[in-house]
Amino acid sequence: MIRLENVSKSYQAGVPALNDVNLEIAPGEFVFIVGASGSGKSTLIKLLLAELRPTKGKIIINGKDLKTVKHKMIPKFRRNIGVVFQDFRLLADRNVYENVAFAMKVVEASNKEIKRKVPMMLSMVGLAAKYRSLPKQLSGGEQQRVAIARALVNEPKILLADEPTGNLDNKNAWEIMRLLDEINQRGTTVVVVTHNMEIVKAMNKRVITIKKGVVISDEEGEEA
Ligand SMILES: Nc1ncnc2c1ncn2[C@@H]1O[C@H](COP(=O)(O)OP(=O)(O)O)[C@@H](O)[C@H]1O
Ligand SMILES: [Mg+2]
(Lines give C-alpha, C1' and ligand atoms only; values in the text may rest on other atoms or scores of the structure.)
(Ligands and ions follow the chains in the order given, each with its own letter.)
Protein backbone atom coordinates (compact mmCIF):
# COMPACT_ATOMS: atom_id res chain seq x y z
CA MET A 1 0.00 0.00 0.00
CA ILE A 2 1.14 3.49 -0.86
CA ARG A 3 -0.38 6.45 0.94
CA LEU A 4 0.42 10.15 0.79
CA GLU A 5 -1.16 12.52 3.30
CA ASN A 6 -0.90 16.25 2.61
CA VAL A 7 2.51 15.81 1.03
CA SER A 8 4.37 18.88 -0.21
CA LYS A 9 7.91 19.09 -1.53
CA SER A 10 9.77 22.33 -2.14
CA TYR A 11 13.28 22.32 -3.51
CA GLN A 12 13.68 25.98 -2.70
CA ALA A 13 11.54 28.94 -1.68
CA GLY A 14 8.78 29.66 -4.18
CA VAL A 15 6.46 27.32 -6.02
CA PRO A 16 6.54 23.82 -4.51
CA ALA A 17 7.23 20.88 -6.86
CA LEU A 18 4.41 19.01 -5.10
CA ASN A 19 1.66 20.78 -3.19
CA ASP A 20 -0.58 19.08 -0.64
CA VAL A 21 -0.88 15.74 -2.43
CA ASN A 22 -3.21 13.11 -1.01
CA LEU A 23 -3.45 9.71 -2.61
CA GLU A 24 -3.73 6.06 -1.89
CA ILE A 25 -2.69 3.15 -4.09
CA ALA A 26 -3.89 -0.25 -2.95
CA PRO A 27 -1.84 -3.45 -3.18
CA GLY A 28 -2.15 -4.96 -6.65
CA GLU A 29 -3.25 -1.77 -8.40
CA PHE A 30 -1.97 -0.52 -11.76
CA VAL A 31 -1.83 3.28 -11.87
CA PHE A 32 -0.70 5.75 -14.50
CA ILE A 33 0.65 9.14 -13.41
CA VAL A 34 0.44 11.75 -16.13
CA GLY A 35 1.07 15.48 -16.41
CA ALA A 36 3.14 18.00 -18.33
CA SER A 37 6.89 18.17 -17.99
CA GLY A 38 7.84 19.86 -14.71
CA SER A 39 4.54 19.01 -12.99
CA GLY A 40 6.20 16.99 -10.22
CA LYS A 41 5.92 13.37 -11.40
CA SER A 42 9.57 12.44 -10.88
CA THR A 43 9.54 14.25 -7.55
CA LEU A 44 6.69 11.97 -6.49
CA ILE A 45 8.66 8.87 -7.57
CA LYS A 46 11.74 10.07 -5.65
CA LEU A 47 9.66 10.63 -2.52
CA LEU A 48 8.33 7.05 -2.77
CA LEU A 49 11.90 5.77 -3.05
CA ALA A 50 12.93 7.87 -0.03
CA GLU A 51 15.47 9.57 -2.30
CA LEU A 52 13.85 12.80 -1.17
CA ARG A 53 12.06 13.65 2.05
CA PRO A 54 8.80 15.59 1.91
CA THR A 55 8.87 19.18 3.13
CA LYS A 56 5.45 18.55 4.68
CA GLY A 57 3.11 15.61 5.10
CA LYS A 58 3.31 11.88 5.56
CA ILE A 59 4.21 9.00 3.26
CA ILE A 60 3.35 5.44 4.20
CA ILE A 61 4.55 2.48 2.16
CA ASN A 62 3.63 -1.11 3.01
CA GLY A 63 2.53 0.11 6.43
CA LYS A 64 5.76 1.98 7.12
CA ASP A 65 5.85 5.72 7.76
CA LEU A 66 8.92 6.82 5.79
CA LYS A 67 9.71 9.37 8.46
CA THR A 68 10.64 6.47 10.74
CA VAL A 69 13.08 4.95 8.22
CA LYS A 70 16.55 5.95 9.38
CA HIS A 71 19.03 7.06 6.76
CA LYS A 72 21.14 3.90 6.97
CA MET A 73 18.03 1.72 6.64
CA ILE A 74 16.98 3.28 3.33
CA PRO A 75 18.78 0.70 1.13
CA LYS A 76 16.97 -2.07 2.99
CA PHE A 77 13.65 -0.24 2.67
CA ARG A 78 14.21 0.10 -1.11
CA ARG A 79 14.39 -3.65 -1.55
CA ASN A 80 10.62 -3.59 -1.35
CA ILE A 81 10.41 -1.34 -4.39
CA GLY A 82 11.61 -2.03 -7.91
CA VAL A 83 12.25 0.93 -10.15
CA VAL A 84 12.88 1.54 -13.85
CA PHE A 85 13.77 4.75 -15.66
CA GLN A 86 13.57 6.20 -19.15
CA ASP A 87 17.32 5.74 -19.71
CA PHE A 88 17.46 2.06 -18.53
CA ARG A 89 20.56 2.63 -16.31
CA LEU A 90 22.20 -0.73 -17.08
CA LEU A 91 25.84 -1.48 -16.34
CA ALA A 92 27.45 -0.99 -19.78
CA ASP A 93 30.38 -3.35 -19.19
CA ARG A 94 28.28 -6.28 -17.96
CA ASN A 95 26.12 -8.60 -19.97
CA VAL A 96 22.38 -9.11 -19.57
CA TYR A 97 22.75 -11.98 -17.11
CA GLU A 98 25.28 -10.07 -14.98
CA ASN A 99 23.11 -6.95 -14.90
CA VAL A 100 20.24 -8.88 -13.38
CA ALA A 101 22.49 -11.02 -11.15
CA PHE A 102 24.09 -7.83 -9.80
CA ALA A 103 20.84 -6.79 -8.12
CA MET A 104 20.78 -10.11 -6.28
CA LYS A 105 24.45 -9.92 -5.27
CA VAL A 106 23.77 -6.54 -3.69
CA VAL A 107 21.25 -8.17 -1.36
CA GLU A 108 23.63 -11.08 -0.72
CA ALA A 109 21.52 -13.77 -2.36
CA SER A 110 23.21 -17.17 -2.62
CA ASN A 111 24.81 -18.27 -5.91
CA LYS A 112 22.28 -21.07 -6.05
CA GLU A 113 19.41 -18.58 -5.83
CA ILE A 114 21.02 -16.35 -8.45
CA LYS A 115 21.45 -19.26 -10.87
CA ARG A 116 17.84 -20.24 -10.36
CA LYS A 117 16.21 -16.82 -10.53
CA VAL A 118 18.11 -14.84 -13.16
CA PRO A 119 17.21 -17.22 -16.04
CA MET A 120 13.63 -17.28 -14.76
CA MET A 121 13.38 -13.48 -14.86
CA LEU A 122 15.03 -13.29 -18.28
CA SER A 123 12.49 -15.78 -19.62
CA MET A 124 9.68 -13.74 -18.13
CA VAL A 125 10.81 -10.63 -20.03
CA GLY A 126 11.48 -12.63 -23.20
CA LEU A 127 15.26 -12.33 -23.21
CA ALA A 128 16.45 -15.80 -22.23
CA ALA A 129 18.31 -16.22 -25.54
CA LYS A 130 20.27 -12.97 -25.15
CA TYR A 131 21.69 -13.50 -21.69
CA ARG A 132 25.27 -13.01 -22.87
CA SER A 133 24.65 -9.79 -24.83
CA LEU A 134 25.99 -6.46 -23.66
CA PRO A 135 23.47 -3.62 -23.28
CA LYS A 136 24.84 -1.84 -26.37
CA GLN A 137 24.07 -4.93 -28.45
CA LEU A 138 20.38 -4.68 -27.57
CA SER A 139 17.53 -2.51 -28.84
CA GLY A 140 16.04 0.09 -26.49
CA GLY A 141 13.03 -2.13 -25.86
CA GLU A 142 15.30 -5.05 -24.97
CA GLN A 143 17.38 -2.88 -22.65
CA GLN A 144 14.24 -1.80 -20.84
CA ARG A 145 13.25 -5.48 -20.47
CA VAL A 146 16.59 -6.15 -18.79
CA ALA A 147 15.98 -3.19 -16.48
CA ILE A 148 12.54 -4.59 -15.62
CA ALA A 149 14.00 -8.05 -14.93
CA ARG A 150 16.59 -6.44 -12.67
CA ALA A 151 13.92 -4.38 -10.87
CA LEU A 152 11.82 -7.48 -10.16
CA VAL A 153 14.41 -10.15 -9.43
CA ASN A 154 14.27 -9.54 -5.68
CA GLU A 155 10.49 -9.77 -5.74
CA PRO A 156 9.46 -6.30 -4.60
CA LYS A 157 5.77 -5.69 -3.88
CA ILE A 158 5.85 -2.41 -5.81
CA LEU A 159 7.28 -1.50 -9.22
CA LEU A 160 7.75 2.20 -10.04
CA ALA A 161 8.44 3.21 -13.64
CA ASP A 162 9.38 6.81 -14.46
CA GLU A 163 8.69 7.31 -18.19
CA PRO A 164 9.79 3.75 -19.03
CA THR A 165 8.83 4.16 -22.69
CA GLY A 166 10.18 7.69 -23.14
CA ASN A 167 13.09 6.50 -25.31
CA LEU A 168 11.18 3.85 -27.24
CA ASP A 169 9.28 3.76 -30.51
CA ASN A 170 5.57 3.02 -30.44
CA LYS A 171 5.86 -0.71 -30.99
CA ASN A 172 8.41 -1.17 -28.22
CA ALA A 173 6.46 1.20 -25.95
CA TRP A 174 3.40 -1.01 -26.31
CA GLU A 175 5.41 -4.16 -25.62
CA ILE A 176 6.85 -2.67 -22.44
CA MET A 177 3.41 -1.51 -21.25
CA ARG A 178 1.97 -4.98 -21.94
CA LEU A 179 4.81 -6.49 -19.94
CA LEU A 180 4.12 -4.11 -17.03
CA ASP A 181 0.45 -5.09 -17.20
CA GLU A 182 1.37 -8.78 -17.08
CA ILE A 183 3.63 -8.14 -14.07
CA ASN A 184 0.72 -6.37 -12.38
CA GLN A 185 -1.57 -9.31 -13.13
CA ARG A 186 0.91 -11.55 -11.33
CA GLY A 187 0.35 -9.43 -8.21
CA THR A 188 2.89 -6.58 -8.19
CA THR A 189 1.59 -3.05 -7.60
CA VAL A 190 2.66 -1.02 -10.66
CA VAL A 191 2.93 2.78 -10.87
CA VAL A 192 3.84 4.15 -14.31
CA VAL A 193 4.69 7.77 -15.11
CA THR A 194 4.18 8.41 -18.81
CA HIS A 195 3.53 10.96 -21.52
CA ASN A 196 2.09 8.40 -23.91
CA MET A 197 -1.59 9.34 -23.74
CA GLU A 198 -2.50 7.00 -26.58
CA ILE A 199 -1.39 4.00 -24.50
CA VAL A 200 -2.90 5.44 -21.31
CA LYS A 201 -6.31 5.77 -22.98
CA ALA A 202 -6.16 2.33 -24.56
CA MET A 203 -5.18 0.52 -21.36
CA ASN A 204 -8.15 1.72 -19.28
CA LYS A 205 -6.35 1.86 -15.96
CA ARG A 206 -6.56 4.32 -13.09
CA VAL A 207 -5.04 7.66 -14.15
CA ILE A 208 -3.76 10.28 -11.71
CA THR A 209 -3.12 13.65 -13.36
CA ILE A 210 -0.69 16.12 -11.78
CA LYS A 211 -0.52 19.76 -12.79
CA LYS A 212 1.99 22.14 -11.25
CA GLY A 213 2.42 19.91 -8.21
CA VAL A 214 -1.29 19.38 -7.58
CA VAL A 215 -3.38 16.26 -8.26
CA ILE A 216 -6.11 17.63 -10.53
CA SER A 217 -7.83 14.37 -11.35
CA ASP A 218 -7.81 10.74 -10.28
CA GLU A 219 -9.97 8.47 -12.40
CA GLU A 220 -10.55 4.75 -12.26
CA GLY A 221 -10.17 2.72 -15.44
CA GLU A 222 -13.32 1.25 -16.92
CA GLU A 223 -12.18 -2.29 -16.23
CA ALA A 224 -11.93 -1.57 -12.50
N1 LIG B 1 16.82 18.87 -7.75
C2 LIG B 1 16.00 19.91 -8.01
N3 LIG B 1 16.28 21.15 -7.57
C4 LIG B 1 15.45 22.18 -7.81
N5 LIG B 1 14.30 22.08 -8.49
C6 LIG B 1 13.96 20.86 -8.96
C7 LIG B 1 14.79 19.72 -8.74
N8 LIG B 1 14.19 18.64 -9.32
C9 LIG B 1 13.04 19.09 -9.86
N10 LIG B 1 12.89 20.43 -9.66
C11 LIG B 1 11.75 21.25 -10.08
O12 LIG B 1 10.57 20.70 -9.54
C13 LIG B 1 9.51 20.73 -10.49
C14 LIG B 1 9.00 19.32 -10.74
O15 LIG B 1 10.03 18.57 -11.39
P16 LIG B 1 9.87 17.02 -11.72
O17 LIG B 1 9.34 16.33 -10.52
O18 LIG B 1 11.15 16.55 -12.28
O19 LIG B 1 8.73 17.08 -12.84
P20 LIG B 1 8.31 16.01 -13.97
O21 LIG B 1 8.94 14.71 -13.64
O22 LIG B 1 6.81 15.99 -13.90
O23 LIG B 1 8.78 16.56 -15.27
C24 LIG B 1 10.07 21.43 -11.72
O25 LIG B 1 9.75 22.78 -11.65
C26 LIG B 1 11.55 21.21 -11.59
O27 LIG B 1 12.27 22.25 -12.22
MG1 LIG C 1 10.14 13.48 -14.75
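Is glutamate 155 buried or exposed? Glutamate 155 is exposed, with a relative accessible area of 58%. Exposed means over 50% relative accessible area, buried under 20%, and partly exposed in between (1.4 Å probe, protein chains only).

This is a predicted model: local features need pLDDT of at least 70, side-chain atom pairs count only at pLDDT 80 or more, and totals for chains, interfaces and linings use all residues. Residues are numbered from 1 along each chain as its sequence is written, and side-chain values use heavy atoms, without hydrogens and water.

**View 1. The largest nonpolar core.** This core has 42 residues. A nonpolar core is a set of buried Ala, Val, Leu, Ile, Met, Phe, Trp, Tyr and Cys residues joined through side-chain atoms within 4.5 Å. Phe32, Ile148, Leu180, Ile183 and Val192 have the most contacts inside the core. Among the elements that give two or more residues to it are strand E3 (30–34), helix H5 (140–152) and helix H6 (170–185). Helices (H or I, at least four residues) and strands (E, at least two) are DSSP runs, numbered from the N terminus. H6 gives the most, with 7 residues. A second, separate core has 29 residues, including Val7, Ala50, Ile61 and Val191. In soluble globular proteins, nonpolar side chains tend to be buried together.

**View 2. Around phenylalanine 32.** Contact means heavy atoms within 4.5 Å. Leaving aside neighbours within four places in sequence, phenylalanine 32 is in contact with residues including Met177, Val192, Val200 and Ile208. Arg206 is also one of its contacts.

**View 3. Arginine 206 and glutamate 29.** These side chains meet in a salt bridge (2.9 Å, N to O). A salt bridge is a side-chain nitrogen of Lys or Arg within 4 Å of a carboxyl oxygen of Asp or Glu. The pair links distant parts of the chain, 177 residues apart. Arginine 206 sits in strand E9 (residues 206–211), and glutamate 29 in the loop between strand E2 (18–25) and E3. Both residues are buried.

**View 4. Lysine 117 and glutamate 155.** Their side chains form a salt bridge (2.7 Å, N to O). Lysine 117 lies in helix H4, while glutamate 155 is in the loop between H5 and E7, 38 residues apart. Lysine 117 counts as buried, at 4% relative accessibility.

**View 5. Aspartate 87 and arginine 89.** In this salt bridge the closest N and O atoms are 3.0 Å apart. Aspartate 87 is partly exposed, at 43% relative accessible area. Arginine 89 is partly exposed too, at 47%.

How values were computed:
Chains lettered and ligands numbered in written order.
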